[in-house]
Amino acid sequence: MALPDTITIEEFFDSPVRAAAKISPDGTRIAFLAPWENRLNVWIEDLDGDSPARCVTADSTRSVQMYYWTDDPRWLLYLQDDGGNEQWHIHRVDLDDPAAPAVDLTPFDGATAFLMELPPSRPGVAIVSLNSRKVDEFDVYELDIATGELTLVERNPGNVAGWVYGPGGNLFAATQNEDGDIEICRWDSGTRELGLIARFDGADYPLGIFPVTATPDGDLWLGSNTGTDRTRVVRLDVASGTEIEVDSHPTLDLDTTGLVSPVLPSPLILDRRTGALLGVRYLGERQEIHALDEGFAAVLANLRSLSEGDIGALSSDRDGDRWVVSFVHDRDPGVTYLYDHRTGSSRLLFRPFPHLDPERLAPMRPVSIPARDGLTLPGYLTLPVGVEPAGLPLVLLVHGGPWFRDSWGYHGDVQMLANRGYAVLQVNFRGSTGYGKAFTKAAIGEFAGAMHDDLIDGVNWAVERGYADPARVAIFGGSYGGYASLVGVTFTPEVFAAAIDYVGISSLPNFMRTAPEIARPYLTNNWYLYVGDPADPVQEADMLARSPITRVDRIRTPLLVVQGANDPRVVQAESDNLVEALRARGGDVEYMIKSDEGHGFVNPENVIEMYRAAEGFLARHLGGRVGDQV
């Protein structure tokens with residue numbers, strides 16, 4: 001037995017040939033992301049003709065990640081920040097004039113804009129939230145896409161964390177009181193006052209309530225776990241404040257991964273024209289979709305026949321006849337189809353990485369791991385293809401958040417590591433979301449405690465079952481996962497032969513003090529509840545005791561640190577201070593910092609360089625192979 005041929009770093013991490021396709025409202029065109037000047041840009045292609053695709057954006061500095069069709073066929077919108085600083089601006093593209101440059105419709109230095117709504121009944125209008133007046137207060141504006149004129153709809157009274165735009169221009173707001181409770185309110189535009197509809201225990205929602213979406217008839221759909229451990233969909237009657245269950249799953253939570261990443265789909269699948277609720281996504285070992293509409297159930301059955309994967313991004317034309325669907329799959333990433341429900345016909349549009357042979361990639365297997373205190377930890381194990389799954393070097397890959405979760409699908413880092421001969425273990429430790437609120441809240445007070453014990457229990461599980469060589473174990477993670485890597489080498493250095501910290505936290509108090517201004521008012525139910533208040537000397541001392549920066553003298557594990565200079569969440573000082581302290585005592589540390597990146601690398605040359613460094617670093621310390629480079 002032998003490993004399959006080496007797949008290069010470039011093949012795994014260079015830009016896809018096409019990705020993120022969406023169908024136009026009239027069903028005649030698709031937009032998608034594809035490279036231009038080594039950056040992902042938006043392209044347009046006719047679905048029924050043979051004219052070549054054309055690039056309609058021209059960003060040579062940073063890849064585009066988010067874009068939107070509008071209901072006026074002339075305009076397309078996309079969001080872009082500056083070097084990863086997460087200060088998003090809304091840009092307009094004129095599809096009728098290929099020579100016209102994109103226009104920044106929110107050109108305010110230091111401000112962030114979000115697209116709230118594109119009302120189907122008002123083509124050419126966008127509803128946006130914007131903090132150009134005060135950085136921690138988002139106001140609501142109506143944007144005339146053609147002229148760029150912004151008209152103030154409502155000014156934030158000072159305590160609104162998020163707005164929801166409803167039919168007829170009704171506004172709802174989410175606020176947080178002094179106790180951390182989340183209040184869903186109706187906004188009275190006449191009196192400019194908030195009227196309480198319902199109150200929720202904020203401790204049950206560390207990242208807020210998601211989704212909150214207006215129904216076509218003026219109520220709200222919510223993801224609620226009131227009176228239950230699992231999050232389900234309810235209709236909130238805005239007149240009475242009563243929750244009415246719309247749909248639930250007996251064992252699974254709503255798929256709320258989209259709360260963390262705007263490029264991931266919402267758990268609610270809505271009719272493009274009417275806003276009616278068509279389906280609901282739940283996530284366990286794999287995804288499940290409940291169809292709530294008879295017509296959509298028929299569409300869903302035919303979409304499922306196209307792939308063995310799970311349905312990912314999904315868009316339809318205004319009439320719900322033509323659909324573009326991409327699939328989540330562990331070894332066939334992002335395969336995308338066009339489906340026509342009128343004829344029942346379908347065709348493959350593209351595979352984002354056509355050079356990747358699914359037979360050469362490694363299956364991702366769900367596993368259950370017993371924690372030392374009896375809690376069951378869901379996770380995933382990926383074993384290299386072509387070798388005996390025994391005594392392998394192991395990489396413990398730790399997700400960020402920590403209020404997030406690992407899920408089944410294609411992950412370039414997992415597949416690269418497996419192709420190099422590593423077993424890859426991903427543990428959804430306590431604090432991860434998607435397994436009920438009790439599982440998430442089991443992490444309160446357990447940073448560098450039971451949360452880390454869960455990871456060590458995962459390593460021990462892999463060793464006891466013979467998969468892993470205990471002398472060749474590495475830990476690798478980003479954001480919270482980077483913090484977990486640093487905890488690994490400062491609290492349990494004997495476990496790990498190598499560690500990679502990617503945009504990770506080294507000092508919990510410093511991280512919280514330097515959090516982005518727009519986030520600080522809303523840390524009550526997550527960082528303050530789970531970790532502590534750095535303004536309280538007793539709590540700060542406990543936070544420092546759980547911070548790797550105070551235990552640098554215990555590090556004896558070779559360490560690779562990766563940081564984006566523009567990171568607004570985990571600032572550069574988190575990495576600088578750790579590396580400086582470690583180098584001062586002669587520690588073995590490699591440091592990569594990129595001046596044009598933020599909280600996670602986007603531009604392909606930086607991603608490739610990072611994973612090439614990780615590949616060589618792990619090979620030196622764990623004994624995996626190094627692939628040929630192009």
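Visitor: Are H5 and H6 roughly parallel or roughly perpendicular to each other, and which is it by the angle?
Guide: The axes of helix H5 (residues 450-464) and helix H6 (residues 480-491) cross at roughly 75° and come within 11 Å. Axes here are lines fitted to C-alpha atoms, for helices over the stretch in contact, with angles from 0 to 180 degrees between N-to-C directions. Under 35 degrees counts as roughly parallel, over 145 as roughly antiparallel, 65 to 115 as roughly perpendicular, and the rest as oblique. H5 and H6 are therefore roughly perpendicular.

Visitor: Before we go on, what kind of model is this?
Guide: Residues are numbered from 1 along each chain as its sequence is written, and side-chain values use heavy atoms, leaving out hydrogens and water. Local features need pLDDT of at least 70 and side-chain atom pairs pLDDT 80 or more, while totals for chains, interfaces and linings use all residues, since the model is predicted.

Visitor: Which residues of H6 make the contact with H5?
Guide: Contact means heavy atoms within 4.5 Å, and helices are DSSP runs (H or I, at least four residues; strands are E, at least two), numbered from the N terminus. From H5 come Met-451, His-452 and Leu-455. On the H6 side, it's Tyr-480, Ala-484, Val-487 and Gly-488.

Visitor: Is His-452 buried or exposed?
Guide: His-452 sits in helix H5 and touches Ala-484, Val-487, Gly-488, Thr-492 and Phe-496, leaving aside residues up to four places away in sequence. Buried means under 20% relative accessible area, exposed over 50% and partly exposed in between (1.4 Å probe, protein chains only). At 5% relative accessibility, His-452 counts as buried.

Visitor: In S20, which residue is the bridge partner of Val-233?
Guide: S17-S18-S19-S20 is the order of an open sheet of four strands with antiparallel pairing, where two strands pair if DSSP finds at least two bridges between them. Strand S19 (residues 232-236) and S20 are joined by four bridges. In S20, the partner of Val-233 is Asp-247.
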